[in-house]
Amino acid sequence: MTEESPDIDAPAALAGSAPPVDASADLPLLRIEGVGKKFGAFRAVDRLSLDIREGEFFALLGPSGCGKTTLLRMLAGFETPDEGRILLGGRDIAPMPPHQRPVNMMFQNYALFPHLSVRDNIAFGLRRAGMARAAIDIRVAEMVALVKLDGLEKRKPDQLSGGQKQRVALARALARRPQVLLLDEPLAALDKKLRESTQLELMALQRRLGMTFIIVTHDQEEAMTMANRIGVMDAGRLEQVATPRNLYEAPHSRWVAEFIGDVNLFDGEIASRDPHRLIVSTRDGGTIVVAEPRQPVGKTAVSIAIRPEKVKLSRRGPALDAIDSHAINRLEGVVTDVSYLGGLTVYQVKLDSGAMVRSSMANTVRIDIDAYSAGQRVVVWFTPDDCVVLEQ
Amino acid sequence: MSARSIFARPARFAAVAPYLWMVLFFLVPFGFVLKISLSQTAIAQPPYVPLFNLTAGWDAIVAALKQLSLDNFRLLVSDNLYITSYLRSFVVAVTSTLILLLIGYPVAYGMARLPQRWQAFAMMLVIVPFWTSFLIRIYAWINILQHDGLLNKVLLALHLVATPVVWLSTDSAMYIGIVYSYLPFMILPLYATLVRMDPSQLEAAADLGASPRQAFWLVTFPLSLPGVGAGALLCFIPIVGEFVIPDLLAGSASMMIGQTLWLEFFANKDWPVASAVAVALLVLLVPPLLLYDRLQRRTLGGAG
C-alpha cells in the first residue's frame with residue numbers, strides 16, 4: 001500500500017498542476033523505515049515506511065486519530081519510536097532528543113513564549129545555537145521581513161492577532177534554517193479567507209527557500225493545494241502516497257476513494273473481459289463497462305468508483321451504437337434532490353435499479369433554463385475511462 | 001448595548017458587594033484601631049481617652065478631636081524595642097519565605113507533572129494537615145522537638161548526634177514550625193500556575209534547541225513567576241505578623257512584632273500603643289503588596 005502510485009493513463013494531460021519533484025535524487029533527505037509507536041495497546045503508527053525528498057512539500061493527510069500527528073512528533077523527537085529508524089541525511093535521528101535534531105516544528109497552537117517579545121521568540125532558537133549577537137540581529141531582521149512582521153518586533157504574543165501569531169511561529173521555526181520544517185495543522189486556527197491566502201504564501205515561501213516542508217493536516221483541500229505529494233494515513237498506516245491528482249483520479253483503495261473528495265461506488269463482479277474493457281455486473285443488477293486498469297485486477301469482486309463531476313446527465317441518451325460498442329455507460333433514473341452550491345450544482349439521482357448516484361455539474365452560465373429539477377426523469381452516462389476499478 | 005442594561009440590579013449588587021465587605025470588615029474596624037492609636041492610655045473602661053460621645057454635641061466632639069495625638073507613633077520610632085521587633089519580623093518572614101520557596105517549588109513542580117489521576121491525591125496530601133487544629137499541630141511539634149522527643153530519638157538512633165540537641169526555644173524550632181505551617185500556602189499557588197502551563201511551550205523550547213535545564217530556566221520558571229509572587233506574598237504577610245509559632249517554639253530573647261503587640265495589649269494593657277504597632281505594621285506591609293500588584297500586572301497584562 002505504501003509504494004508510490006503509478007501515474008495514471010494519459011499522463012501528458014494530467015501532469016499540469018503539481019509538477020512532480022525530480023525523482024532522480026539518489027538518496028532521500030528523510031527516510032522513515034518501519035517506524036512503529038504504540039500507546040498502551042493502541043497502535044498509533046504501524047511499521048510505517050516513507051521517503052521524503054529534499055525540497056519537497058509533503059502532506060500527511062488523514063482523519064483524526066490516524067497517527068499523522070504521532071508520526072510528526074516522532075520526527076520532531078517528542079515521541080520515541082518503539083521500532084524502526086528515521087534517517088535524516090543518512091543519519092538515524094530516532095534516538096536523538098528533540099533539542100539536538102536539525103528539524104524544527106511549527107505548533108498547531110503556535111506555542112509562542114508569552115513572556116518574550118516577537119524578536120526574542122524568533123531569536124530563542126538562534127541563542128540556543130550559540131550564534132553571535134550581531135548575526136542573530138541580522139537573522140531576526142531577515143525573518144521578520146520574510147513573514148512581514150515589520151514594526152511588531154517588540155510586541156508580546158498576546159498583543160498580536162491570530163494571523164500575526166501564526167507568522168511569528170513560522171519565523172521562529174524557520175530562523176534556525178532547519179533541514180526539515182514540520183508543520184502541525186499550521187492553519188487550523190485561522191479563518192477561511194486568511195487560511196486560503198496563507199496557504200499560497202506558505203507555498204511561495206517553501207519554493208523560495210527550497211526547504212523541505214512536512215505538513216500534517218486533516219483538511220484535504222489544504223493538502224491538495226499546497227503539497228507536491230500527499231501521504232494518506234489511516235489507522236497508523238499509509239494508505240497511499242501520491243501527487244494530489246493521482247490521489248484523486250487514481251485512488252488505490254476504496255477507503256482512499258471515499259476519503260478524498262466525493263465518489264459514487266458500485267459493488268459488483270467482473271463478468272467478462274473485452275480488449276481494454278472489463279464488463280462488471282453490479283450488485284443491483286446493472287452492467288458497467290470500465291477501462292482495463294494498468295495494474296491487473298486479481299479478484300473478481302470489485303468496486304467501481306466514479307467521481308460525481310464525471311457523471312453526466314442529459315434528457316436524451318447518447319447514441320445507441322456508443323453503448324453497444326462499450327464506449328459509454330448509460331443508465332436511467334429520476335432526479336430526487338438538487339443542491340445548488342454556487343459554482344456547482346449537485347444532483348441526486350435514483351437509478352431504476354434502485355441505486356443512488358450523485359452528479360455534479362459546473363454552472364457555466366448564469367441563467368440556465370435547462371437545469372434539471374427534482375422528479376425529472378434523466379439519462380445518466382459516463383465513460384469507461386472515467387471509472388476506477390478497486391478490489392474489494 | 002448600553003452598560004446600564006448589563007448592570008441590572010442583582011448584577012450591580014454583586015459588583016458592589018466586595019466593596020461593602022471591605023468597608024464593613026476592614027475599613028470600619030481599621031478606623032477604630034486608628035482612632036485608638038491616636039488616643040492616650042487611661043485607667044478606665046475602655047482603657048483610653050478621649051471617647052467620642054456623639055450625643056454630647058458638636059463642641060464636645062471637637063474637644064475630643066483636639067486630644068488626639070501622634071505620641072504613640074513617636075514612641076514607636078524612638079524605642080528600640082519596637083524597631084528591633086519590626087526588623088526581626090521582617091528577617092524571619094524573608095528567611096522563611098525563601099526556605100518555603102526552595103522547598104515548595106520542587107514539590108509543586110513534581111505535583112504538576114504527576115499523571116492526572118495522582119494529582120488530586122497529591123493535592124489532598126498537601127491539604128490534609130488543615131483537618132487538624134493549627135494549635136494542636138504546633139503543640140505536636142513541641143512534642144517532637146523536646147529534649148526526649150521524636151526528632152532527637154531519631155538523630156541519636158542514626159548516630160548523627162552524640163547527645164540530644166536543644167531544639168525548643170531556638171530559632172530553628174521556629175523556622176521548622178513556620179515552614180511546616182505555611183508550606184501549603186506556598187505550594188498551592190505555585191502548583192496552580194505550573195499545572196496550567198502549556199506543555200507545548202516546553203516542546204517548542206526543546207525543538208528550538210533548549211536542553212531540559214535551559215527550558216526550565218528560560219520558559220517554565222519565568223512563566224511561573226506569578227505563582228512565585230502569589231505564594232511568597234501569601235506566606236510573607238502573615239508570617240510578619242505571626243504570633244503563635246514564635247511564642248511557642250522560639251526563645252524569649254527577641255520578639256517578633258506580633259509578640260510585642262500581644263504584650264502591649266494583654267500584659268501592659270496599653271491599647272493605644274498596641275494599636276499604633278498594628279497600624280504601623282499595616283502601613284509597612286503596603287509597599288510589598290503594591291510591588292506584587294505591579295509585577296502581576298506586568299507579567300499578565302502585557303497588553304497596553
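This is a predicted model: local features need pLDDT of at least 70, side-chain atom pairs count only at pLDDT 80 or more; totals for chains, interfaces and linings use all residues.
The contact between the two chains draws 21 residues from chain A and 18 residues from chain B. Which elements of chain A give two or more residues to the side that touches chain B? They are strand 6, residues 103–106, and helix 3, residues 118–128. Helix 3 of chain A supplies the largest share of that side, namely three residues.

Let me turn to chain A as a whole. Its secondary structure consists of ten helices and 20 strands. The C-alpha trace of chain A spans about 80 × 50 × 40 Å along its principal axes. Chain A has 392 residues, of which 37% count as buried. Among the contacts in chain A with a separation of 6 or more, 66% are accounted for by residues 24 or more positions apart.

I return now to helix 3 of chain A, the element with the largest share of the chain A side of the contact. Is this helix largely enclosed or largely open? Eight of its eleven residues are buried, so helix 3 of chain A is largely enclosed by the rest of the structure. The buried residues are A:Val118, A:Arg119, A:Asn121, A:Ile122, A:Ala123, A:Phe124, A:Gly125 and A:Leu126. After helix 3 of chain A comes A:Gly130, and its phi is positive, near 75 degrees.

My last topic is a sheet in chain A. It is an open sheet of five strands, in the order 13-12-11-14-20, and its pairing is antiparallel. Which strands stand at the edges? Strand 13, residues 287–291, and strand 20, residues 388–391, each have a single partner strand, so one side of each is left without a neighbour in the sheet. On average, neighbouring strands of this sheet are turned by 45 degrees against each other, direction ignored.

Strand 11 of chain A covers residues 264–274 and strand 12 of chain A covers residues 277–282; the two pair in the antiparallel sense over six bridges. As for individual positions, A:Arg273 stands opposite A:Leu278, which belongs to strand 12 of chain A.

Terms used: Residues are numbered from 1 along each chain as its sequence is written. Chains are lettered from A and ligands numbered from 1 in the order in which they are written. Two residues are in contact if their C-beta atoms, placed from the backbone, lie within 7 Å. Helices (H or I, at least four residues) and strands (E, at least two) are DSSP runs, numbered from the N terminus. A residue is buried if 20 or more other C-beta atoms lie within 10 Å of its own, exposed if 12 or fewer, and partly exposed in between; C-beta atoms are placed from the backbone. Two strands pair if DSSP finds at least two bridges between them. Axes are lines fitted to C-alpha atoms, for helices over the stretch in contact, and angles run from 0 to 180 degrees between N-to-C directions.
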